[in-house]
Amino acid sequence: MSTGYFQERATPISQNGASPATPSVASRGANALSSRITSVLSASYADLEIRDALETLDARQIQNSAETRRQLRLHVQKEVIQCNGEIVKDFGEVAEQLKRIGTAISSLNSYCADMRSHIAAANRETGPVLEEATNLMNQKKQAETKQQILHAFQSHFIISEEEATVLSYTAEPVNEDFFQVLTRVKKIHHDCQVLLGTEDQRLGLEVLEQSSKQLNAAFQKLYRWIQREFKTLDLENPQISASVRRSLRVLAERPALFQSCLDSFAEARESILSDSFHAALTGSTSEAEHIATKPIEFHAHDPLRYVGDMLAWAHSATVSEREALENLFISDGDEIKRSIQAGLESEPWLRDDGDEEVFDGKKALNQLVSRDLTGVARLLRQRTEQVIQSHEDATLAYKIANLIGFYKSTFVKLLGSDSEVMDMFDTLEGSAMRQFRANMRDYVAAVQSDVAVAPADLSPPEFLDDALKTLKALAKSYDTSVTTMDDGENDFESVLTEALDPFIHGCENLTKRMQQPESAIFAINCLVAVKDVLAQYTFASERVGEMDDTMDEHVAELVEHQHLYFVRESGLSVLLDALSAITDEADSLKTIPQLTAFKPEALIAASQQLDDFLPSALIDAAENLKRLRNRSMIQEVTEEAAGKFCADFESVERRIMAADDVLFDEKEENGDIDEEEDMEPGLRDLFPRTSGEIKVLLS
C-alpha cells in the first residue's frame, strides 16, 4: 500500500514532463522533488522511525488519495493538539495535587517545629534525671561485678564453717569428705601465689595465713587419727589398710609427722611382736589359749630344734610383717615419694645436705620391718646364746651355726644386707662358730693325751674313727646349708682345719714311730677312711685332691718296698749289685763271668732261688700288704712292683746274653771252638729263666 502511495505521488510529474510553474519556480520545484525522491529512495526501511510511521499509517487504514494525503497532516496535527490538551489537563490536576501536598507539608513542618521545641524543653528538664539514672546504672553494674568477684573469691579461697569443722574437728571422722576438703585447702594455699602477685598483697597474706592454719590443723588431725589406727591396726583387713594407706600418702607431705607416725608404728609393732614371740616361746600370756601348738620351749631339751623353731617363728613373722607393710607402703611408694618431695619443697629446712634419694620404698620397708623385729631379735639372741654356751658338743654348735647361716641368707633376701637384724645373725653365727672351735680344741686336747700307738692291724685309730663320725655330721650339715643357700662360698676348709687336721697330724705322728711298710699302710688306711667321708661332698674336692697326692706318695713307698722284696727274695739283688759297674762295652761285658755272683755255682744257686720264689711270689708279696684295707690297692701296688722286678730281670737277662755273645764271638775269632768237643756252658745255660716266663708267672 505504501508502494502505491509513492507511485501515485510521482505520476503527475512523469505525465506532464515539466512543472507548469515559472522556470525559476520550476527549477526549485525540480530540485525539491529531486531531493525528496533522493531522500525517499535513500531511506532505509529498516529504520525504526520509518517502520513505526508506516505501521501507524497502516493502522489507520486510509486510502492513498490526494484528499487523504492533503488531510493527513491536518488530522495528525489535530490529534497531536488533542493529546497535548489532555496532557495539559492532566498536568493541571497534578499541579493542583502538588499544591495540596505542599500545604500538608507546610502544616507538618509547623507541627514538627512545635514538637522539636517541646522535645528540647523536655530534654532540658529530664537531662539531670537521665544523667543520675545513668550513674546509678553504672554503679549497679560495678556492684554486680564486685558481687560476682566476691562470690568467686569466696567460693575459691574460703571454705565454709562446715568444711572447716570437717577439716580440723577431731570428732569428725577421716573420710572422703575430709580428703576432699583437704585437697581444696591445699589448692587454696597454692593459688595464694596469684594474690601475692598483685599490688596489694594484704588479701593474699591473710588467705595464705588462714589456709596454712587450716592445713596444719588438718595434718595434726590426720596424724592423731593414724596413730589411733596404728594401735588397733589389723594388717589383714584390706579396708582399714586402704584408708590408712591413703592417710599415710597424704601425711607424707609433712615429712616430720610422717616419720613420727612411722616411729610410733614401729614401737607399737615391736611391742606386739615381742609379746607374740614371748607367748609362742612360753605360752604364759593370755594369748596362750589361742595357740594351737605347744610352746617352743617345750622342745628346749632338743637344742637344734629349739633354735630352729625360734628362727622359723621369726622368719614367719618377718614374712607376714613384710607382706602387710608392702600393702601399706610399697604399693603407693611413688605417691609417697612425690608427697615427701612436695613437703620438702614447702619446708626446705628439713632437707639433708646430701644428694640421697628422697624416698626409697624398698629401703624404708626393710628399715621399718627391721625396727619391728628389734624386740624379737633381742630375745632370740639371748635364748640362742644361752643354748650355744650351755652345750659342749662341737657338732651341735656347728649345726646351730649352719642353721643360723641358712636363716641369715633368707633374711638377707627379705630385709637386705644392711638391716640391723643382720647384725644379730652375724653375732649369733660368730658365737656358734667360736663355741664350735673351742669345743673341738678341747676334744683334740683330750684325745692327744690318750694317743699311744697304732692298732696292730694298722686300721685307723679309734680317735680318728670318732673324728670322722663327727666330720661326717659336720659335712652333712654344711652340705645342707650350702645347697639351700646356694651362695657358692666354700668355707668348709676352716671346719676341716678344726675337726680333721689335728687328728691327721696325730696319725702322722704315729707313722713316724713305725717302719715300712707299716707306716705307709697305716697312713694309707687313715687317708682312705677320711677320703671315704669327704669324697661324697663336692665342697671338699680340693682337700680330697690333696689327700690323693699324699696317698700317691705312700703308694710309691709301698711299691718300692714290694719291689725290693721281689728283688731280695728272688736272689736277683746279688746279680743286680754285681752288674751295677758293668757297662755295655764289650770289654766290660767280658768280665761278667769273672764276677763272683756269676760263677757257675753262684749263678746256679741264684737260678734255683729264683725258681723257688716265683710260684708263690705274688701271694707272698701280697701277704706283706694284707693289713692294707683297700684290696684293689694291694693288687695294684704288687703288680706295679712286679713290673719293676720284670724290668730288672730283663736288664740282667740282656747283660747275660750280651756277655755270652761277646765271649762266643771272641772264641770264634781265636779259633778255640771245637765242634767235636762239648762246649763250656754259657751264662745263659746256667741261668735259663727268660723275661717272658717271669712275666707269665707274675701276671
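Arg 322 counts as buried, with a relative accessibility of 12%. In this predicted model, Arg 322 is found in helix 10, which spans residues 303–328. Apart from neighbours within four places in sequence, the contacts of Arg 322 are Lys 362, Leu 365, Asn 366, Val 369 and Leu 414.

The protein chain contains 27 helices and 0 strands. Of its 699 residues, 35% count as buried. Among contacts with a separation of 6 or more, 74% are made by residues 24 or more positions apart. The chain exposes about 41,800 Å², of which carbon and sulfur atoms supply 52%.

In soluble globular proteins, nonpolar side chains tend to be buried together. The largest nonpolar core of the model comprises 155 residues, and Phe 436, Phe 492 and Leu 534 touch the most other members. Beyond residues up to four places away in sequence, Leu 534 touches Leu 471, Phe 492, Leu 496, Leu 500, Ala 540, Arg 543, Val 544 and Met 547.

A nonpolar patch was also identified on the surface, formed by Ile 87, Phe 91, Val 94, Leu 98, Ile 101 and Ile 105, with about 560 Å² of accessible area together. Ile 105 lies in helix 4 (residues 66–157). With a relative accessible area of 43%, Ile 105 is partly exposed.

A search of the whole structure identified 16 salt bridges. One of them joins Glu 270 and Arg 378, whose closest N and O atoms are 3.7 Å apart. This pair links distant parts of the chain, as Glu 270 belongs to helix 9 (residues 255–282) and Arg 378 to helix 13 (residues 374–389), 108 residues apart. Arg 378 is partly exposed, at 45% relative accessibility.

A salt bridge is likewise formed between Arg 627 and Glu 518, with the closest N and O atoms 3.1 Å apart. Arg 627 is located in the loop between helix 24 (617–624) and helix 25 (631–670), whereas Glu 518 is in helix 19 (residues 518–534); the pair therefore ties together parts that are 109 residues apart in sequence. Both partners count as partly exposed, Arg 627 at 27% relative accessibility and Glu 518 at 24%.

The side chains of Arg 568 and Glu 569 also meet in a salt bridge, at 3.6 Å from N to O. Arg 568 is partly exposed at 45% relative accessibility, as is Glu 569 at 33%.

Notes: Residues are numbered from 1 along each chain as its sequence is written. This is a predicted model: local features need pLDDT of at least 70, side-chain atom pairs count only at pLDDT 80 or more; totals for chains, interfaces and linings use all residues. Side-chain values use heavy atoms; hydrogens and water are left out. Patches are made of residues with over 30% relative accessible area and no salt bridge: like charges are joined within 9 Å, nonpolar side chains (Val, Leu, Ile, Met, Phe, Trp, Tyr) within 5 Å. Accessible areas come from the Shrake-Rupley method with a 1.4 Å probe; for residues, only the protein chains shown count as cover. A salt bridge is a side-chain nitrogen of Lys or Arg within 4 Å of a carboxyl oxygen of Asp or Glu. Helices (H or I, at least four residues) and strands (E, at least two) are DSSP runs, numbered from the N terminus. Buried means under 20% relative accessible area, exposed over 50%, partly exposed in between (1.4 Å probe, protein chains only). A nonpolar core is a set of buried Ala, Val, Leu, Ile, Met, Phe, Trp, Tyr and Cys residues joined through side-chain atoms within 4.5 Å. Contact means heavy atoms within 4.5 Å.
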